[in-house]
Amino acid sequence: MFIKGFPQDKQITYAGMLWLLAAQLSVMSPLAFYLPVWLIPVLLISAAWRIRVMKGRTEQPGIVVIGALGFCGIAGLLASGIALVSLDMMASLLMLGFAYKAIEVIQRRDGIVVVLTGYLLVGVLFLYSQSILTAMYGVFAMTMLSGALIAIQQSAQQSIGSNLKLSAIMLLLCLPLMLVLFVFAPRFAPLWTLPLHSNHARTGISDQMTPGDIANLSQSEGLAFSVKFNRARPDQNQLYWRGMVLNYFDGNTWSQFQEELDPDVEKKTLQTSFSNIADRLDKRGEGIEYDIIYEASGQSWLFALAPVVSLQGEALYGRNFNIIAKHDVREPMMLKLISYPDSRRDVALADMLHQQALQLPPDGNAASRELAVRLFKTSSSPQDFIDSILNRYRQDAFYYTLRPPLLDPQHSIDDFLLNSKKGFCAHYAGSFVFLMRAAGIPARVVIGYQGGEWNNNGEFLAVHHYDAHAWAEVLLKNRGWVRIDPTSMVAPQRVEQNLQAAVQEEGSFLEAKIFSMTRNQWLNGVRKQLDSVQYRWRRYVLGYDTRQQAAFLKRLLGEVSVGHIAIVVGTLFTVIILIWGIVLGLFRKQPREAIEHRLYRRFCQILQKKGIKRLPSQTPQQFCRIATAQLPAFNQDITKFTETYSTLCYQPDRVSYQQQIDIMKRLLSKIRKQR
Amino acid sequence: MPIKALSNVWNFALNAWLSKRFPDTREITLDIQRIFVIPTRLSAALLFAVLVLGLMAINFQNSLIYGLSFWLLALIVIAIFFTYRNLAGLTIRAIQSQPCFAGEKAVFELEVRCPDNQTKTAISIGWPFQDVETVTLRHQHSVHIKLSHSTRQRGRFKAPRLTLFTVYPIGLVVAWSYAALNLESIVYPAPRLQDNADHQQNADDHAMHGAESADGSTDFAGVRDYRSGDSPRKIHWAAYAKTGDLYSKTFVDYASDERWLDWDALPIAGVEAKLSHLCAKVLEYHRLHYQYGLKLPGTLIKPQHGDAHKTTCLTALALFGEHR
């Protein structure tokens, strides 16, 4: 009932019902990627049931049946292994109810519940994925839902095309208003936090290094993160995106020490403030300001140019001058960072960390240990020793390859340094740190990414998984931790250009991919375009939060104040409403009466105030006679006015038209003023 | 009780304002000054969904969900314009009305039309708790509809303001307007025979009938005993020759079929009861194809027959007492 006293048709038509089902299906389909797939058949069976009921072939299910179905559904969700208290569970329950509702949609009110729940589920879909494709699909689902909302309210059947078109037009016209709200509406900090996903895949670099890992990663062309530099871009060979520090070597695998291993434990001891590592840092050189958007990795490890001195965003300063996300990165996350790569770190190292940086397994790799000791004895200084080792890599027949031979797991360092001499960054970094430690120089393996691909379209640097890299850090007296990349001795192209250049001869770049856009030159151009679009999407749409909004508004308005924003938003609203009015034809002039008729009507109104009412049956002449009889004082004016009006009505003369209108106006004002 | 009184005062004030704002006319075109727009309960439900989405957007810091909620908000706003457009420009005109008997429904014929190149969909026109018609103008320029309104008492029935409303397309918003058309219909008294009066009246009829027939001279009606004073021309000489008794021939005029329905002659108490009775008699005489006349205080309708005459008589009964 929209207006009191007017009953409303409560039933949904058959066409409306089908619409609703189509909308439900379009909302649920993409969610099946993230939630139990069997929810889709549940919807289809419910729908089929409903259609049978509508056609009179089956009875409407009773409350017992519906109760039993609900029980089975919830049991099914629990059996699917979804945690009881989680977003997945909430979303699945919403989906289940949404699917079951198809059985009992009879009245318009049920249909409305379905559509509104559908809108919520589109929101849930955006929790799982925020890619451009998902967003586009969300718009489609919204169009379907709105079309269904239109369809279920119709009593008479209308074509599906016209409903869909109407819904699309309405949403399209809404777009500008939505954008204004999106840009200007205030954003709030979370009111409370909820666990997002209960299980998920991890991608990217793992927190330990067995030589095979990075080789596998180098076969992936997925995006790890993208970087926008606020000022000049540093040289390619300076772009060492430092991730985690690996101190513990068991003879085969480099990993973190047990107490460092769990980022969740570590996070508890870390702080958001830079101060707890400030005294270990001697800040030098120029700062580099940049924004990074990390793709979802499911991990907390973040990659940045070390050491990060200032950060804005959901991250913490780590113990080893790395940064760690406050929560696992499950959706794209943006940070604003300032790094000072020329700074000196840990010039005076704490004893415990010193010991960690010298750890070696008790036995194994005897030849390498002996080699290190021998070379160290002949060297004049630690620097000299490092140079001689690096020289060995450069001058010996070491070979950079993504297809290294298998090494003896007991003596992997010996096997690599003395026999195969074929490997990639993990082998070089690992063997180098081993030699350093064997000679008593504190050293550690660092893994992260090196380089990146500059995208001219979007003016940003895209770092892909195949840019994964491992290098070493050595502690030198008075200089702190110094970065040394033994790989650059063997394959300078890896660092100067990229992996593809380094293994060009070998042709092993992304060789595991049967179809790779990166390898094909033309497709690579397309891929870069897509990357650029995606980057902008991430940065300007998904990353539009309180900080971005403040920055954007400042750039847009110069000065951000409530008054300013009110003026701009008010103007935009007016413009939008004007556009709507024009598009919808609301300003079309209604056919108006000719001016003489309007003047005559006014004349009648004035006389009515003076006590003479014109009945609809009276002609102007009759009315004139009555009026002059009752108001002798106006005799002349009224007669003249009526005459002029009659002339204009029955003998219109274009030439004197305006003149006569003027006469009428003058007489009218005279009659009105006179008492 | 005070609330009830207050709402009565409010309704009275509202009605006074509305009738000032929308004076009666024969034809009304709905424009921006006449159309009211207000969100429906569906809008409130959608706003609730937007609120939930907003909380999701805030807590998960999700730009896309922000966008979705803003889009739905914008949908409510644009629905105002669409719904308004569906009603604006519609013209409604009173065509004619059909009279009825008190307690029955008066039927009004209306023309609904819209400007060229426009379509109007699912517009409901009617009175609350009365008749409603839903009109869709797609390919045709205008359409005629019939609406009925119940009546209670005889007289001139003036239909209340018509309500026109639409929620098309999306039901989030209702646009409505009032059309105070000059919709007037004559309501005849409810026909109700009073038994005792009928008897009297019948006797009366007969008396009148006799008196009238005595004067008749055109058509032969029968033969009766001679009474002194009968015209010699009417003596049935043939019968006299056979029987030796004098008989008179009787004649009737057409006018002798005339019956008068006389207000003053009715032994019924109460004006309305009398009118109801007369109304029933008019219908009866009309059905029997009598010629009948109607005498009301201040009104005299000469005997006639036919539909037009019936209408005249019924109208006179309906409007009895109107001018005094």
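Guide: Chain B exposes about 16600 Å², an accessible area from the Shrake-Rupley method with a 1.4 Å probe, where for residues only the protein chains shown count as cover. Carbon and sulfur atoms supply 55% of that area. The model is predicted: local features need pLDDT of at least 70, side-chain atom pairs count only at pLDDT 80 or more, and totals for chains, interfaces and linings use all residues. Residues are numbered from 1 along each chain as its sequence is written, chains are lettered from A and ligands numbered from 1 in the order written, and side-chain values use heavy atoms, without hydrogens and water.

Chain B has 324 residues, and 46% of them count as buried. Buried means under 20% relative accessible area, exposed over 50%, and partly exposed in between (1.4 Å probe, protein chains only). Chain B holds seven helices and 17 strands. These are DSSP runs, numbered from the N terminus: helices are H or I with at least four residues, strands E with at least two. Take the contacts in chain B with a separation of 6 or more: residues 24 or more positions apart account for 66% of them. A contact is heavy atoms within 4.5 Å.

Now the salt bridges. The term means a side-chain nitrogen of Lys or Arg within 4 Å of a carboxyl oxygen of Asp or Glu. Over all chains, the whole structure has 17.

In chain B, R113(B) pairs with E111(B), with the closest N and O atoms 3.1 Å apart. R113(B) is partly exposed, at a relative accessible area of 21%. E111(B) is buried, at 11%.

E284(B) and K281(B) form another salt bridge, at 3.4 Å from N to O. Both sit in helix α6 (residues 271-287) of chain B. They are three residues apart, about one turn of the helix. K281(B) has 1% relative accessibility, so it counts as buried.

D396(A) and K421(A) meet at 3.2 Å, N to O. This pair links distant parts of the chain, 25 residues apart. D396(A) lies in the loop between α14 (382-395) and β14 (399-400) of chain A. K421(A) lies in the loop between α15 (412-420) and β15 (422-423) of chain A. D396(A) is partly exposed at 26% relative accessibility, and K421(A) is buried at 17%.

Chain A also has a salt-bridge network, which links R242(A), R345(A), R444(A) and E473(A).
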